[in-house]
Structures are given as C-alpha cells and as structure tokens.
Amino acid sequence: MWLALRYLPPRLVRHRRLRSKPSIKIGLLVPLTGPLATPGADMVDGFKLFWEQVNNMAGGRKVEYVIADTTCNPDQAITQARRLVHQEKVQIMIGPLCGHEGPAVAQVSKETGIPLVMDTAGADDVTKWNRTPTVVRTAVSASQIGHPFGDYLFKELGARNVTFIGQDYTWGHEVTLGIVQTYKELGGKVAKIIWNPIGTKDYGPTVAAIAQDSDAVVAVVVGADRVRLFEAWFGFGMDKRFKIYGGYWMHQDALPQMDDRAIGMIGNSLHYAAGLDTPDNKTFVDAFAKKYKRLPSWFAESAYTASLWSRTAIEAIKGNVEDKDAFLKAMRSATVKAPRGTLKMDEYDNPIQNVYVTRIQKINHPVIGPVLINVPIKTYENVSQFWTWTPEEFLKRGPYKR
C-alpha cells in the first residue's frame, strides 16, 4: 500500500490531501426565540443562502456551522458563545444580533481568542472605547445610522421640535441619541424623549404622551414592538395629528405584518434597503425571494455579507483559519462588494458604508406578488462611524447614554 501511494501522480496526491483537510466550523449566534425571533430567522436565512451559493466551501475546505439561540439576552449569549467554543469547537463566531449582546460575546472572544465577526449587534462601544483585538464588525455601529438621519430630519424634513420614541436598551439609546446629537447641532429642539423597554405590549400610553407642540415624531423601535407601535399610531388617530418618521422602524421583516397605511412613510435610516437599485442587490434580492418567498431585511443582508466577508478572508489565507491572526488581518484588509455596496473597515474595525433614508412603496414582485418595500430616497455616501468628527473628537466625548 505504501508503495502504491508513493507513486500516485502528483495531481492525485494533492487532490487527496485537499479532500483530507478538516472542515471549518462556524458558530452563528442569533435569537431564535423571544421578541427578536423574526429578525433572527432572517439572519439565519441570509447566512444559509450565502453558504449554499458557494457549496459550503471556503479556502479549499468544507464549511460546517452550528446555530445557537441567544434569545436577545446577554447572559444567554455568553452561555451559548462559550458552548460554541468549548463544546462545538468552532473556529469563527458570527453574530450576535442584539446590541447589548455584542459586548457580552466580545468578552468570550477575548477570553478564548476565537475570532468574532460581529453581526448585527451595533453597540458603539465595541468599535470605539472598548475594542477587542479578536473582534471585527461587518454590520454597523448603532449611532452610525443615527447621525445621518438627524441631518435629514432638520435639513430635508424641516422638523424643528421633535418627540422621539426610543427603545430602552443599548442599541435604541445609541441610534436615538445619535439622531438627537446631529439634529440639535443643526438647531433642532427635542420636545421629549419617550423610552420603552423591549417587548412593550401597549403603545397607547406612549403615543398619548407625545408632546403636543411637536411638529414631528421619530421612532426607533425593534422586534415585535414595531408592529405594536404601528397599530397604536393609527388606532389612536395619531396620523391625523402628527407626522411620524422611522429613524429605525419599518424594516423589511416587519412590513408583511403592516398594511397599505405604511405606503409613503419614511421607514428607516439604514445601511441597507431591499429596494436599493443596483445589480449586486438585485441579484441578492432575487435569490432570497426565490428561496424564501419574501424580501430580505437588513438582518438577512447583514448575515449574508458577514459570511461573504469571512469567506473572502478565508480564501485570502488559503483556508488556514487555525492562524487566527492571519484571518483577522485578512478581514481588516479586505474590500468587499456586498449587496448594500462596497465595504472596507476603518482603523477601528467598523465598516465605512452608505446610509440610506428610505420611503415605503408597494411593488408587484414577480415571485412574491404585491409587497411593501423600503426604497432609498436619500443616500449618505461613505458614512464613518464617527460621522464628520475625527475619531479623537468623538472618543473624547464618550458614549451616548440616556
């Protein structure tokens, strides 16, 4: 047998060695249950779509993955991250989804040295004041989408006295207060900020508490709360009294639970929109719609892009993910052409990217039929997580806190 193997043609020997390489194992951390289970499911579907398209291969090695339910709870996220590392032996982690889960999972990455591709958790702290050498982010820093909307709110929408409805946790604080910062610097007045915990069942008291002299309302809400606010808004006749804009509200995964009353409303300020009219996004949207019979939200695109970015890095190091430093260096140096646009990390490990202000429209999709969709009406190009400030100026000021 030894002699037979010794005289195999070199090409066949190389082929056998290639096939004998162990699989790369990736752990995906998402909420599969709880108030953010719907965007969690979108993340899973975007993630799976990408790896299916590349035949679950990267750098000449098979890719396997394990999906862990974080429930949008930092304690559960830590538990699941440690399980993925110590029991499942993953070599890369992707996720988690919720902003306040991000620092928790980053701690596990710091403890174990396993690289974390942070997606979609947007806690500013992770790529600003409390960076971890083994963590890179491929999604967005929370206030990065807030800053442009403060600009748009004052300059384009003409709002001068605004009530803000914000979600009362890390992501909600940073998106809301990022909007407030740029809006106030331009001369806008904050009439009131109303904070609601995740999972608020009744938004009646919230809409009743809007400052009566407001000339606009801005919503920053997540999970199932998005639909509850929508129903309360129209159910209490607030649409006849105030203009409301989504700083972060009508995401694509929530629109199927809304109706035509949403048409024409400002839906979001985000780094992705399903209605983005580019060849790369059209290819992605068509593939997602064909497979899942719905349009992708930013959660789906984000997990898809996190996988694309990770695979790009794995290819660059020829599959040698055991060299963690090489993988992280490849992530930091890559330029990625994603559905949302061309992406590259800044020196603080966060993408520089476009931010799109969107309006809700209804289209007749060839696969899905009539469907509500976010369509960009304003593009802020190459937005930094530091907006127009220098990193030093931003970092000196400290995190956004309620």
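This is a predicted model: local features need pLDDT of at least 70, side-chain atom pairs count only at pLDDT 80 or more; totals for chains, interfaces and linings use all residues.
User: How many aromatic pairs does the count come to?

Analyst: The count comes to 22 aromatic pairs. One of them is formed by Phe 154 and Tyr 183, with 6.2 Å centre to centre and 65 degrees between the planes. Planes over 60 degrees apart count as edge-to-face, and this pair is therefore edge-to-face. The pair links distant parts of the chain, since Phe 154 lies in helix H6 (residues 142–155) and Tyr 183 in helix H7 (residues 170–185), 29 residues apart. Both Phe 154 and Tyr 183 are buried.

User: What is the geometry of the pair formed by Phe 284 and Tyr 304?

Analyst: The rings of Phe 284 and Tyr 304 are tilted, at 4.7 Å centre to centre with 55 degrees between the planes. This pair also links distant parts of the chain: Phe 284 belongs to helix H10 (residues 279–292) and Tyr 304 to helix H11 (residues 298–316), 20 residues apart.

User: Is Asp 124 buried or exposed?

Analyst: A residue counts as buried under 20% relative accessible area. Asp 124 has a relative accessible area of 0%, so Asp 124 is buried. Asp 124 sits in the loop between strand E5 (116–118) and strand E6 (135–137). Leaving aside residues up to four places away in sequence, Asp 124 touches Trp 129, Arg 137, Ser 141, Ala 142, Ser 143, Glu 174 and Tyr 400.

User: In what sense do strands E12 and E13 pair?

Analyst: Strand pairing is read from the bridges and the sense in which the strands run. Strand E12 (residues 335–338) pairs with strand E13 (residues 341–345) in the antiparallel sense, over four bridges. Thr 335 stands opposite Lys 344 in E13, and a hairpin of two residues joins E12 to E13.

User: How many bridges join E13 to strand E14?

Analyst: Two bridges join E13 to strand E14 (residues 351–365), and these strands run antiparallel. Met 345 has Pro 351 in E14 as its bridge partner. E13 and E14 form a hairpin with five residues between them, and Asp 349 in the turn has a positive phi of about 70 degrees.

User: Why does the radius of gyration agree with that of a compact globule?

Analyst: The overall size is judged against the number of residues. A compact globule of 402 residues would have a radius of gyration near 21 Å, and the protein has 22 Å, so the values agree. The C-alpha trace spans about 90 × 50 × 35 Å along its principal axes. The protein holds 13 helices and 15 strands, and buried residues make up 58% of the 402 residues. Of the contacts with a separation of 6 or more, 69% come from residues 24 or more positions apart. The protein exposes about 16,200 Å², of which carbon and sulfur atoms supply 51%.

Notes:
Residues are numbered from 1 along each chain as its sequence is written. Side-chain values use heavy atoms; hydrogens and water are left out. Rings of Phe, Tyr and Trp (its six-membered ring) pair if their centres lie within 6.5 Å; planes under 30 degrees apart count as stacked, over 60 as edge-to-face and the rest as tilted. Buried means under 20% relative accessible area, exposed over 50%, partly exposed in between (1.4 Å probe, protein chains only). The radius of gyration is taken over C-alpha atoms; the globule rule is 2.2 Å times the number of residues to the power 0.38. Contact means heavy atoms within 4.5 Å. Accessible areas come from the Shrake-Rupley method with a 1.4 Å probe; for residues, only the protein chains shown count as cover. Two strands pair if DSSP finds at least two bridges between them.
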